[in-house]
Amino acid sequence: MAALQLHAGKTAYEQIQQHGLQQGLFKALIGASGGPKWFVLAGLDRYFCGEFFNNRQSPLYTLGSSAGAWRFACYGQTDPLAAMNRLIDGYASLHYPNNATMKQISIQSERLLADVLGQDGATQIANNPIFENHIVVAKSKGLTRYENKPVQLLGLLHSALSNSIDRRRLSRHYQRLVFSRNPQQVPFNYHDGIDTQLVSLTADNTYQALLATGAIPLLVHGVQDITGAGSGMYRDGGIIDYHFDQPFLAPQTCADRVNELGKPGLVLYPHFYHQFKPGWFDKFLPKRQANPAYFDNVLVLSPTADFVGRLPYQKIPDREDFKHLNDEQRMRYWRQVISLSHELADEFSNLVGRADAHQHVQLMTVPEQSR
């Protein structure tokens, strides 16, 4: 049974049909929020940063929030595979005391990120001309800016209500910040009605931005006053952009959209499953999905249902594992998933350079009303 499924929008499918599957097709790489769900993609991450994109000559724009941003922080370092292994091993080994406080959980996050970056990682990321990181962070407004849990919870409830009425109303509670090495080349269209600020990504704020984008409300302390971004409280980028819901490589925001073949660049999106929620609060709104019309130039990679059915507990990891499994059970389970995830990478690798690669790609259909 296949472990990997590939879905492509019309433009992406046509280019793969014409040129085969090769790294030079892609101009952007997308990483969603989702906590330990990303372990199912660990094999692909190791393959991408250690081999597939290893000899990349032109800029590849990475865009991520929360766990997605942490993954791509590894790509931006001098030895990306070593950094990725530090992230995988460190994240899979996380453990907390019973009834851990927000402070205890926050300290663990700080230590993990510091280990992933090492002494010079922030500088390497900020100055990398090939892997150009874009980190999405949410700046809190109103009640959500407070660390007091009951007050923050009330702010989150207000946020959820506003979002249920209209996603653009999130601007009442948050401002989207995109930290970019080159703010003139942002790989998605952030003109979606949500208040957005672009901030230059530097060696001085890379650690803060990464820590902030992983600052889960009610669990991890936010980051106060990020260098270059101004005063305020900054939190998980997935609050606004959980799986993203905007055109990628849009001409309004990214003039340099041509790939290494001189064609309009494609977008590679390894994802946990084949569904996309715009923001974190949309998880609770079954009918709200990302617009499929935005995936015209996107190749989505995700595990098949058969593969997930072979995993321990027949599911991909999630944060609930901290509640329902003891440390030994959870770590064993997560490491089993990481080991099995290499099947996805092996199947993708076997398609690279093949003239018939497109025959293994499913064409994504776009409902008429979404066009």
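This report walks through the salt bridges, a surface patch, the cysteines and the aromatic contacts of a predicted model.

## Ground rules

The model is predicted, so local features need pLDDT of at least 70 and side-chain atom pairs count only at pLDDT 80 or more, while totals for chains, interfaces and linings use all residues. Residues are numbered from 1 along each chain as its sequence is written, and side-chain values use heavy atoms, with hydrogens and water left out.

## Salt bridges

Let's start with the charged pairs. There are 20 salt bridges in the structure, a salt bridge being a side-chain nitrogen of Lys or Arg within 4 Å of a carboxyl oxygen of Asp or Glu. One of them joins lysine 27 to aspartate 256, with 3.5 Å between the closest N and O atoms. Lysine 27 belongs to strand β2 (residues 26–31), and aspartate 256 to the loop between β8 (230–235) and β9 (266–270), so this contact ties together parts that are 229 residues apart in sequence. Helices (H or I, at least four residues) and strands (E, at least two) are DSSP runs, numbered from the N terminus. Lysine 27 counts as buried, at 1% relative accessibility, whereas aspartate 256 is partly exposed at 30%. For the record, buried means under 20% relative accessible area, exposed means over 50%, and partly exposed is in between (1.4 Å probe, protein chains only).

Another salt bridge brings together arginine 310 and glutamate 343, at 2.7 Å from N to O. This pair also links distant parts of the chain: arginine 310 is in helix α9 (residues 305–310) and glutamate 343 is in helix α12 (residues 342–351), 33 residues apart. Arginine 310 is partly exposed with a relative accessible area of 41%, and glutamate 343 is partly exposed with 26%. Then there's aspartate 356 with arginine 354, a salt bridge with an N to O distance of 2.9 Å. Here aspartate 356 is partly exposed at 25%, and arginine 354 is partly exposed at 31%.

## A nonpolar patch

Which residues make the nonpolar surface patch of about 420 Å²? They are Leu143, Tyr146, Leu153, Leu154 and Leu157. Patches are built from residues with over 30% relative accessible area and no salt bridge, joining like charges within 9 Å and nonpolar side chains (Val, Leu, Ile, Met, Phe, Trp, Tyr) within 5 Å. The accessible areas come from the Shrake-Rupley method with a 1.4 Å probe, and for residues only the protein chains shown count as cover.

Leucine 143 sits in the loop between β4 (131–140) and α7 (149–165). Leucine 143 is partly exposed, with a relative accessible area of 31%.

## Cysteines

How many disulfides turn up in a search of the whole structure? The count is 0, where a disulfide would be a pair of cysteine sulfur atoms within 2.5 Å. For cysteine 49, the nearest cysteine sulfur belongs to cysteine 74 and is 7.0 Å away. Cysteine 49 is buried at 2% relative accessibility, and cysteine 254 is buried at 0%.

## Aromatic contacts

On to the rings. The structure has 29 aromatic pairs. Rings of Phe, Tyr and Trp (its six-membered ring) pair if their centres lie within 6.5 Å; planes under 30 degrees apart count as stacked, over 60 as edge-to-face and the rest as tilted. Phenylalanine 188 and tyrosine 190 form an edge-to-face pair, 6.4 Å centre to centre with 70° between the planes, and both residues are buried. Tyrosine 313 and tyrosine 333 are edge-to-face too, at 4.9 Å and 80°. That pair links distant parts of the chain, with tyrosine 313 in the loop between α9 and α10 (321–324) and tyrosine 333 in helix α11 (residues 327–340), 20 residues apart. Tyrosine 313 is partly exposed at 43% relative accessibility, but tyrosine 333 is buried at 1%. Ring pairs also link Phe188, Tyr190, Phe244, Phe248, Tyr269, Phe276 and Phe295 into a cluster.

## Around helix α11

Arginine 330 has its charged end over the ring of tryptophan 334, 4.8 Å from the ring centre; the test is NZ of Lys or CZ of Arg within 6 Å of the ring centre and within 35 degrees of the ring normal. Arginine 332, in helix α11, is partly exposed at 43% relative accessibility. Arginine 332 and alanine 92 are 240 residues apart in sequence, with 8.9 Å from C-alpha to C-alpha in space.
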